[in-house]
Amino acid sequence: MKRYIKIICCIVIVAALAILVKSRWNAWFKNVPEEPYAAATVPDRITLTPGEDFMSERTVSWRCGDTLAQSFLTLTAGGDTATFKATGSVIESRGGRDAFYYVTIDSLQPGSEYSYRVTTAGKQSREYRFAMPDADEPARRFLFFGDVQDNIGGQSGEWFAKLYRQYPDADFWACAGDLIERPIETYWNYLYQSADTILATMPLLNSTGNHDYLKGLYLTIDSRWKHTFVYPENGAATAIGISYYIDMPGMRFIVLDTNGIQDCVTITTRYQWLKRVLASAGDKWKVVMWHHPAYSVRSSRINLPVRNTFVPLLERYGVHLVLQGHEHGFMRHIGTHGDHPVYLISYMSPKSYKLRKSSPGFKVIADTPMYHIVDYNNSTMEVRSYALANDSIMDFVKISR
Ligand SMILES: [Fe+2]
C-alpha cells in the first residue's frame with residue numbers, strides 16, 4: 001500500500017511541475033525574435049556615464065559600423081581642445097553586428113563646462129555639451145525613475161524632455177532597470193529617438209532589469225547593454241560592468257545586478273562585494289539601486305534571494321535609500337533605523353500592474369507612473385515622489401544623518 005502512495009505522490013509532483021513549466025514557459029524561456037538590421041553608418045547612441053569619481057570622471061560611448069575603425073573623441077573646454085583615442089569592440093546581437101567605442105576622461109574639473117564630438121572612420125558627430133558639478137555646492141540633487149518600457153510611438157520622449165527641462169540642476173539621472181521594453185534593436189532605436197540628445201549630456205546611472213536580459217536556462221545580458229552603458233569596473237567579480245558604485249561628495253551610490261542570482265557562487269560574490277562596498281563607504285550617504293524589490297507589492301513576486309541575502313546588509317550598514325523597480329507600481333517602506341533605510345519601488349511606464357493594498361508600514365500607490373527628486377546635504381536627504389502626469393506630490397520622506 002505504501003508503495004502505491006509513493007508512486008501516486010511522485011506522479012502528482014511531476015504533473016504539478018509540468019503544469020508550472022507549461023504555464024510559465026513563455027515568461028521563462030521565450031524571447032521576442034529580433035529582425036536583422038544594418039549597422040549605423042554614422043556615430044549614434046552617444047551616451048554619457050560617470051566614472052567611479054563623479055566629480056572628475058566621465059565616459060562617452062557610441063557605436064558606428066560593424067568593423068573597428070579609427071575612432072576618437074575631441075574635448076573642448078575654455079578654448080583648449082584635446083583628443084582621446086577610443087577603445088572599440090565588435091559585438092554580435094541576434095539581429096546584427098555593431099562596433100561600439102568608448103572614451104573615459106579622468107581629469108575633468110568640477111564646475112567646468114565641456115563640449116565634445118566623437119569621430120569614427122572620419123565620420124563626426126554633432127557637438128554635445130555637459131557641465132561638471134561644482135564640488136563646493138553643499139546642496140545636491142538627483143532624479144530617479146523606475147521601469148520605462150515604453151511602447152513604440154509612446155510618450156517617453158515627452159517625459160524625458162519634460163524632466164530634463166524641469167530639473168536642469170540634477171547631477172544625474174538614475175534608472176532602476178528595464179529602460180527598454182525588450183532587448184531588440186527596435187526598442188534600442190526607440191529609446192535613443194525618445195531621449196534625443198539627453199543621454200549624451202546628462203549622466204545616467206542605469207541598472208540592469210529582466211527586460212535587458214535574454215531568457216533561457218541561463219539568463220544572458222543583451223550584448224549591447226554593457227557597451228552602451230559603460231560603468232566603472234569596480235563591481236563584483238561575477239558582475240563587472242553591471243554592478244558598480246559611484247562616489248559623490250558625501251554620498252556613495254551603489255548599483256547591484258539582481259538578475260540570475262539564484263546560484264550560490266553568484267549570491268556569495270555579490271554579497272561579499274556589497275558588504276565590502278558598504279563597509280568602505282564610511283559615514284557617507286549610502287544609496288543602493290537594483291531592479292528586483294526586496295519587499296514585493298505583488299503577491300506573486302517574492303524575490304527571496306534579494307531579501308534574504310542583501311537586506312540584512314542594508315540594515316547592518318545603515319543604508320539610507322534603496323531604489324527599486326520591476327513591479328510597475330509605487331511602494332514606500334521604512335526599515336529598522338527609525339527613518340531609514342527607505343525602500344522605494346517605482347515605475348515610469350505605460351504598463352501598470354495590479355498591486356496589493358497598503359498595509360501598516362507599506363505605502364502602496366497603483367496606476368500612477370512617477371518620478372522622484374532626491375535632495376541631500378550634509379545632514380538631511382529628502383525624497384519627493386511626483387505623479388508623472390501632473391507633477392502633483394504623492395509622497396515625501398526626510399532622512400537624517
Ligand atoms: Fe522588470
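Helices (H or I, at least four residues) and strands (E, at least two) are DSSP runs, numbered from the N terminus. The structure described here is a predicted model, in which local features need pLDDT of at least 70, side-chain atom pairs count only at pLDDT 80 or more, and totals for chains, interfaces and linings use all residues. Residues are numbered from 1 along each chain as its sequence is written.

Two loop residues are taken up first. Ala176 lies in the loop between strand S11 (173–175) and helix H3, whereas Asn377 lies in the loop between strand S22 (370–376) and strand S23 (380–387). A residue is called buried if 20 or more other C-beta atoms lie within 10 Å of its own, exposed if 12 or fewer, and partly exposed in between, with C-beta atoms placed from the backbone. Ala176 is buried, because 31 other C-beta atoms lie within 10 Å, while Asn377 is partly exposed, because it has 14 other C-beta atoms within 10 Å.

Two residues are in contact if their C-beta atoms, placed from the backbone, lie within 7 Å. Not counting residues up to four places away in sequence, Ala176 touches Gly146, Ser207, Met289, Trp290, His291, Leu323, Gln324 and Gly325; with neighbours within four places likewise left aside, Asn377 is in contact with Pro138 and Ala139.

| Pair | Apart in sequence | Apart in space, C-alpha to C-alpha |
|---|---|---|
| Ala176 and Arg140 | 36 residues | 20 Å |
| Asn377 and Gln262 | 115 residues | 37 Å |

Helix H6 (residues 264–279) has 16 residues, which at 1.5 Å a residue should span 22 Å, and its end C-alpha atoms are 22 Å apart, in agreement; the expected span is 1.5 Å times one less than the number of residues. Within H6, Arg270, Trp273, Leu274, Val277 and Leu278 are buried. Seen down the axis of H6, these buried residues fall within an arc of 125°, so they line one face of the helix, the arc being that of the directions from the helix axis to the C-beta atoms. The buried residues of H6 pack against strand S15 (244–248), strand S16 (251–255), strand S17 (285–289) and helix H7 (304–316). On the other side of H6, Cys264, Val265, Gln272, Arg276 and Ala279 are exposed.
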